[in-house]
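Hi everyone, thanks for having me.

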Amino acid sequence: MADLGNGVLAFISTKIQSKAEIYQELSNICKQLPKQYKVAGLDLQLYYRYSITEPVSDDGFDIWLQRGYLGLSQKQQNIDFSKAHIDMDVSLAAELQQAMRSNTLAIYLQPIINLRSGAICGAEALLRWPTAGKYLDIEQLILLAERTGLINELSLWVIDQACLAAAKLNRQGYRDHTISVNLSAKNLAIPKLVEKVENTILKHGITADQLKFELTEFALIKNHDEMVSFISELNKLGSKVVLDDFGTGYSSLNYLVNYSFSTIKVDKSFILDLVNNTTNQVVVKTAIDMAHNLDMNITIEGIEDQETEKMLIKMGADQGQGYYYSKAVPINEYLSFIASQFK
């Protein structure tokens, strides 16, 4: 038995066993290992993977070992420890976990506007940590959560808070209002994720169609087959799925054919200089027409002025989002904002 570092143990077995027998033994061992471990106040969620490789004639030990590492990488689970450039701050991760459990984290809501009627039709839930501004921005927070294995707990927390916000909107009479939640490829590792989404919806007494999920192309690339199944299950549940950041990837057109999206969200990089950029105007107009021909809605993010809004309305865009309407705000401020629209 050898400790190879980075949490990797190697064993050489001299017993005469089939691979099936060895896999069964390893499976039994992993079932008995702890599923979490506390380090500096952080409840780390532990995951295990294993691989078997056999010596081949003319192999040196180094080649044998390399094949073992390759087998592990092909069975990769939901935590990637290869990003050495990302500092793992355990104490900050412990604060993040505690913030989730004490609800000192927050989701802010940014309105999504129906461009035909001018009415608020939904909002995107965006994560905020009001007391952590001195530490890191939200993108760094997400990287920290991924690095320390908190991303799934964090995502389930955001879904719960989004459903809670939808329930508050229901009580104010806004039952057609939707809340959009962002998911990553790593979230597919959450056991029975759709079932947990359904239970959270039932817990807060909302309907599944009030909850939308936004997925980027990167998430689709990482887990193609699993994502097809996941999106299908969400559709059966009654929740809609949005393709986020459309136009920033390499194969977005292919995804429109293979996935059951209800909405395309065009990335703001095409919108910020839309009025003066004829190339972007052609791209955005083409995206709008294509979405409608495929029986999908289209949302434009990054709208910051009235001139851009007017151009998008003329092009036939369905929904808009951006600072022209509002930045993301806390739920109580959002409720006041949406109420003012109906006075």
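This is a predicted model: local features need pLDDT of at least 70, side-chain atom pairs count only at pLDDT 80 or more; totals for chains, interfaces and linings use all residues.

Let's start with a question: which side chain does the side chain of Gln321 make a polar contact with? It's the side chain of Glu124, at 2.8 Å. By polar contact I mean a pair of N or O atoms within 3.5 Å; within protein, one must be able to donate a hydrogen and the other to accept it, and residues adjacent in sequence count only if both atoms are side-chain atoms.

Residues are numbered from 1 along each chain as its sequence is written, and side-chain values use heavy atoms, with hydrogens and water left out.

Back to Gln321. You'll find it in strand β12, residues 319-321. Helices (H or I, at least four residues) and strands (E, at least two) are DSSP runs, numbered from the N terminus. Gln321 has a relative accessibility of 1%, so it counts as buried. The cut-offs are under 20% relative accessible area for buried, over 50% for exposed, and partly exposed in between, with a 1.4 Å probe and protein chains only. Leaving aside neighbours within four places in sequence, Gln321 is in contact with several residues, among them Gln110, Glu124, Lys265 and Thr299. Contact here means heavy atoms within 4.5 Å.

Glu124 turns up again in a network of salt bridges, together with Glu214 and Lys265. A salt bridge is a side-chain nitrogen of Lys or Arg within 4 Å of a carboxyl oxygen of Asp or Glu.

How many salt bridges does a search of the whole structure find? The search gives 6. One of them joins Arg116 and Asp318, with the closest N and O atoms 2.7 Å apart. That pair links distant parts of the chain, 202 residues apart: Arg116 sits in the loop between β5 and β6, and Asp318 in the loop between α11 and β12. Arg116 is exposed, at 60%, whereas Asp318 is buried, at 3%.

Another salt bridge is Arg101 with Glu153, at 3.0 Å between the closest N and O atoms. Here Arg101 is in helix α3 and Glu153 is in helix α5, 52 residues apart. Then there's Lys285 with Asp289, at 3.2 Å. Those two both lie in helix α10, 4 residues apart, which is about one turn of the helix.

Next, helix packing. Two packed helices are described by the angle between their axes and the distance between the axes. Helix α5 (residues 151-171) packs against helix α12 (residues 331-340) at about 35 degrees, with the axes 11 Å apart. On the α5 side the contact is made by Ala165, Lys168 and Leu169, and on the α12 side by Ile331, Tyr334, Leu335 and Ile338. As for the axes, they are lines fitted to C-alpha atoms, for helices over the stretch in contact, and angles run from 0 to 180 degrees between N-to-C directions.

Last stop: backbone angles. Most residues other than glycine have a negative phi. What is phi near in Asn103? It's near 60 degrees, a positive value, and Asn103 is in the loop between α3 and β5. Asp295 also has a phi near 60 degrees, and that residue is in the loop between α10 and β11.
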